[in-house]
Amino acid sequence: MAYDLDDLKTRMQKSIASLRDELMGLRTGRASASLLEPVTVEAYGSRMPLNQVATVTVPEARMLSVQVWDRSMANAVEKAIRDSGLGLNPMGEGQIIRVPLPELNEERRRELTKVAHNYAEAARVAVRHIRRDGMDALKKAEKDGDLGQDDVRAQSDLVQKATDAAVAEIDQVVATKEAEIMQV
């Protein structure tokens, strides 16, 4: 494996992007169309993501609106949302399903922040693995005689700085999400 600092930084950014995606799925006090992304519907003999059978919109802060494309799928979509484990209670009105979001109580908010911190820790571990890969590549390059000790030391410092920056960004992202969750 050849050492490439830009590749390491790119992989670290992908870990951060993955964290952002996971955090988007966490429910906060505000409605978000991404909240229903993990929901799958039994449609036409197979399981399909909700976004392939309906359009999800956010008409107001505590309400999601699901516009089902095929009227015959409305009951299946409603059942899928109810059974999704998100604690939502959809109300069908023909092709449109309204999904009111209940208030989050303090205990549930604390649970969500713990989940957010778990996601962040997984992202930090991923970044550290990428750092280790870079350090291993540098040691191999030194052993093979491709790089001198001074070059390896300088590049190791750059890898560590990239790692520190990525971890700081992860901390920033999770702190923002935690503030959003705890906001009443």
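D133 lies in helix α3, which spans residues 106–144, where helices (H or I, at least four residues) and strands (E, at least two) are DSSP runs numbered from the N terminus. The model is a predicted one, in which local features need pLDDT of at least 70 and side-chain atom pairs count only at pLDDT 80 or more, while totals for chains, interfaces and linings use all residues. Residues are numbered from 1 along each chain as its sequence is written, and side-chain values use heavy atoms, with hydrogens and water left out.

With a relative accessible area of 18%, D133 is buried; buried means under 20% relative accessible area, exposed over 50%, and partly exposed in between, with a 1.4 Å probe and protein chains only. The side chain of D133 is joined to that of R11 by a polar contact of 2.7 Å, a polar contact being a pair of N or O atoms within 3.5 Å, of which, within protein, one must be able to donate a hydrogen and the other to accept it, and for which residues adjacent in sequence count only if both atoms are side-chain atoms. K177, placed in helix α4 (residues 149–182), has a polar side-chain atom 2.9 Å from the backbone oxygen of L23.

The accessibility of three further residues is set out here.

| Residue | Relative accessibility | Class |
|---|---|---|
| K177 | 10% | buried |
| V115 | 29% | partly exposed |
| Y44 | 59% | exposed |

Y44 sits in the loop between β1 (40–43) and β2 (46–49), and has a positive phi of about 55° although it is not a glycine.

L23 also belongs to the largest nonpolar core, which has 25 residues and in which M12, L19, L23, L26, V127, V159 and I170 touch the most other members; a nonpolar core is a set of buried Ala, Val, Leu, Ile, Met, Phe, Trp, Tyr and Cys residues joined through side-chain atoms within 4.5 Å. Helices α1 (5–24), α3 and α4 each supply at least two residues of this core, and α4 gives the most, with nine residues. Leaving aside residues up to four places away in sequence, I170 touches I16, L19, A120, A123, R124 and V127, where contact means heavy atoms within 4.5 Å. A second, separate core of 22 residues includes L36, M73, V77 and I81.
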